Amino acid sequence: MLNYFPNTSVTHGMGNQFRPFAIQMVTKMGFQFSAMLIALLTIMLGSGAIASELESGLIQGILTRPIHRYQFILGKLGGLVLLACTYATLLFTSILVIGALFGLSTITSLTFSQILSGWLLYLLLPVAVLCVTIFGSVTFKAVPNGILMIFIYILGNVGGMVEMIGQYVNNNSVIGTGIFISLVSPFQTIYSTMERIMVPNSELAAGAMAGASLSGSGKPASIWMFLYIAIYMLGFVTLAIRKFSAKDIS
Amino acid sequence: MIIETHALTKKYGNKTACEQINLAVEAGQVYGFLGRNGAGKSTCIKMLTGLVFPTSGSGTVLGKPLGDVSARERMGYLPELFRYQDWMTGLDLLNFHAQLIKLKNKKDQITRVLKLVGLEGQEKYKVGAYSKGMQQRIGLACALLPNPQLIFLDEPTSALDPIGRKDVRDIIVALKKEGTTIFLNSHLLSEVEAVCDSVTFIHKGTVVKSARMDELLMNKISLTIRAKGMTEDLLVTMHNQYQSLQILADGSLTATLKDYEEIPALAAKLISNGVTLYELTPHRETLETVFMQLVGEEGLSSQQS
């Protein structure tokens, strides 16, 4: 894309002027698609984590061992979190390395604290997805759970867009709807906060490219929103444990 | 009692899987749990192992309330629909279960159970590559891993060939000698008859009979007599001696004897009274005949009447 922009008829002769826009777009797209990939892989990992073992009967041999059911859920969750975070770290590092190799200013100008905060938020996304998926895995069968989780994840993207549109048209009820959707599915909020830390809207190009992603155009989520996300995650894990602890394994 | 239940009931919505199940299993026994498909046997076992929660009623397993986690340290379970992590090798699977049990002498125990179930040398292969019989054997090995005081075997020989079945029978007998209590659910009645000390029959979710095996079969012998020249006086005399004597529609007689030793005396008596004897056939009561009487459709109607 960086090579494409300077050579198009529209941008002919204006390569250097468009380069900052292209860099912004490439960086944002890199993070956005990788985050989406991570979220979908996490859903694939987690949707059948318990449901498939319940369906196959594999779980019977394990739950008749001296372990509590909450230990089983937390063990599953812990393993999946480790796996998803390892994969997310690999992807995150890859983006940074590739960006640095191509000399993208968005990447080369990053500070350590930006990278650390961005990485932690990048990891928070699959962890949050897993917390909900585990609850779904206890409640539904593997395939319906996967479909439902993809729907919830996409709903978060829609929420981001609705909020963005609300801000463009300056309509509070539309913004409110977007926020409500973000409360139901806060994954996009996590991503957009991460994106704003990694690709801040300080430059003119960044401001101009703000609408190029689906992450909305609002400010990074407040500490209260992150407190809500923590309660949201904890709530779903607690619900999963409670439901599983009372479940008949038949 | 190593297992004791009081009015254990499990309902799924309007459907009753088990109703008012009362069990009392003595330690060191091989306890047979019999019934037709869908009678509620597996549900009952799952309640005892803590997989399913009873709707009402109570019970104890190894002195702990149903579902107590600590009781599972001394318990083994081979599920009816055995399924194990097929990406693991047999050894990995046993190591995994040993970790779940927090087994101390892991290596020795694994070697012991592999030898016991006849899977020595096969433990390096993946469980997914095992035959169905081998998968059942590795399942049995997992169940035996904690050296359990109580082991639930739900159809332990369903995938095994006759030699495998005999091996499992031998394992059951060996475990019994070591003092292990075995709760056996099997459709192979000859197998149950060969190894069980007590049995419980369950039909449509309710216990229809619980008895010790020897009491149940009582070594009763049903004798069929085909003879010619039976007088009325002789029949009266015989009836006084064998009150169960009956004349069947085809003219033959049946009598229930307590001992095989009664047969020669009975034959001598008939011959000395001038009776011509054509047939004298003893039939020992089997678990199958008892099973049919108790849980066959006819048995059910007679139970209900």
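Reader: In what order do the strands of the open sheet of four strands in chain B stand, and with what pairing?

Author: Strands of a sheet pair through backbone hydrogen bonds, either parallel or antiparallel. Here the model is a predicted one, in which local features need pLDDT of at least 70 and side-chain atom pairs count only at pLDDT 80 or more, while totals for chains, interfaces and linings use all residues. Residues are numbered from 1 along each chain as its sequence is written, and chains are lettered from A and ligands numbered from 1 in the order in which they are written. In chain B, the open sheet of four strands has the order 12-13-11-14, with antiparallel pairing. Strand 12 (246–247) and strand 14 (276–284) of chain B each have a single partner strand, so one side of each has no neighbour in the sheet.

Reader: How many bridges join strand 12 of chain B to strand 13 of chain B?

Author: By definition, helices (H or I, at least four residues) and strands (E, at least two) are DSSP runs numbered from the N terminus, and two strands pair if DSSP finds at least two bridges between them. Strand 12 of chain B is joined to strand 13 (residues 253–257) of chain B by two bridges, and the two run antiparallel. Within strand 13 of chain B, T254(B) is the residue opposite Q246(B).

Reader: Which strands of chain B does helix 9 of chain B lie across?

Author: Axes are lines fitted to C-alpha atoms, for helices over the stretch in contact, and angles run from 0 to 180 degrees between N-to-C directions. Helix 9 (residues 262–272) of chain B lies across strand 11 (221–228), strand 13 and strand 14 of chain B, and runs at about 160° to strand 14 of chain B.

Reader: Which domains does the domain assignment of chain B give?

Author: Domain bounds come from an automatic or database domain assignment. For chain B these are domain 1 (3–212) and domain 2 (219–284). Taken over C-alpha atoms, the centres of domain 1 and domain 2 of chain B are separated by 45 Å.

Reader: How many bridges pair strand 9 of chain B with strand 10 of chain B?

Author: Strand 9 (residues 198–203) and strand 10 (residues 206–212) of chain B pair over six bridges in the antiparallel sense. They form a hairpin with two residues between them, and K204(B) in the turn has a positive phi of about 50°. I202(B) has V207(B), in strand 10 of chain B, as its bridge partner.

Reader: Is C44(B) buried or exposed?

Author: A residue is buried if 20 or more other C-beta atoms, placed from the backbone, lie within 10 Å of its own, exposed if 12 or fewer, and partly exposed in between. C44(B) counts as buried because it has 28 C-beta neighbours inside 10 Å. C44(B) belongs to helix 1 (residues 41–49) of chain B. Two residues are in contact if their C-beta atoms, placed from the backbone, lie within 7 Å. Leaving aside neighbours within four places in sequence, C44(B) is in contact with C18(B), I21(B) and I202(B).

Reader: How many helices and strands has chain A?

Author: Chain A has twelve helices and zero strands. Of its 250 residues, 42% count as buried.

Reader: How many residues of chain A are in contact with chain B?

Author: In chain A, 16 residues are in contact with 21 residues of chain B. Helix 4 (residues 58–63) of chain A gives the most to the side of chain A that touches chain B, with five residues.
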